[in-house]
Amino acid sequence: MKHQPPSHLDKSARQKWREIVVILEERGDVDAGTLDALAAYCVAWSRWTDAEAKISELGPIVKSPAGFPVANPYVGIAAAAQRQMRQWGGELRLTPKARGRKAEGGEESAVSRILRVMDQQEATA
């Protein structure tokens, strides 16, 4: 790995950086803009995983300070982070769809299926 993660990334984001930067380096697809996009992707990934952990812990509905049930604010944080990951993942060509091909064996990857379903849901909303 030639490119080290930026110091502003948290531990989880740095770990994701190390996973992805190797792929980008092997493709010869690294420049300053790519590294900035990767940092943004990794921040979103870390935010998403943190928010999902809180949703698992607290549930999708929580009590407001007044005691009424309300939507867990972490659900919105997770959704926003997923949108950012989808945007930056596309820019970085991290999915077979973004690279213009299907996964090995001609089948769509699980990540691609999730992103496709999310795109469809967003389009109908």
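**Close-up views of a predicted model**

At 28% relative accessibility, R27 counts as partly exposed (buried is under 20% relative accessible area, exposed over 50%, partly exposed in between, with a 1.4 Å probe and protein chains only). This is a predicted model, in which local features need pLDDT of at least 70, side-chain atom pairs count only at pLDDT 80 or more, and totals for chains, interfaces and linings use all residues. Residues are numbered from 1 along each chain as its sequence is written, and side-chain values use heavy atoms, leaving out hydrogens and water.

**View 1. R27 meets D29 in a salt bridge.** Here the closest N and O atoms are 3.2 Å apart; a salt bridge is a side-chain nitrogen of Lys or Arg within 4 Å of a carboxyl oxygen of Asp or Glu. D29 is partly exposed, at 25%.

**View 2. K16 and E19 pair up within helix α1.** Their side chains form a salt bridge of 3.0 Å, N to O. Look along helix α1 (residues 11-27) to find them three residues apart, about one turn; helices are DSSP runs of H or I with at least four residues, numbered from the N terminus. K16 is buried at 13%, whereas E19 is partly exposed at 42%.

View 3. E57 is exposed, at 55%, while K54 is partly exposed, at 27%.

**View 4. T34 sits in helix α2 (residues 32-58).** T34 is buried, with 12% relative accessibility. Leaving aside residues up to four places away in sequence, T34 touches L24, D29 and L92, where contact means heavy atoms within 4.5 Å.

Note on methods. Helix = DSSP H or I, 4+ residues; strand = E, 2+ residues; numbered from the N terminus.
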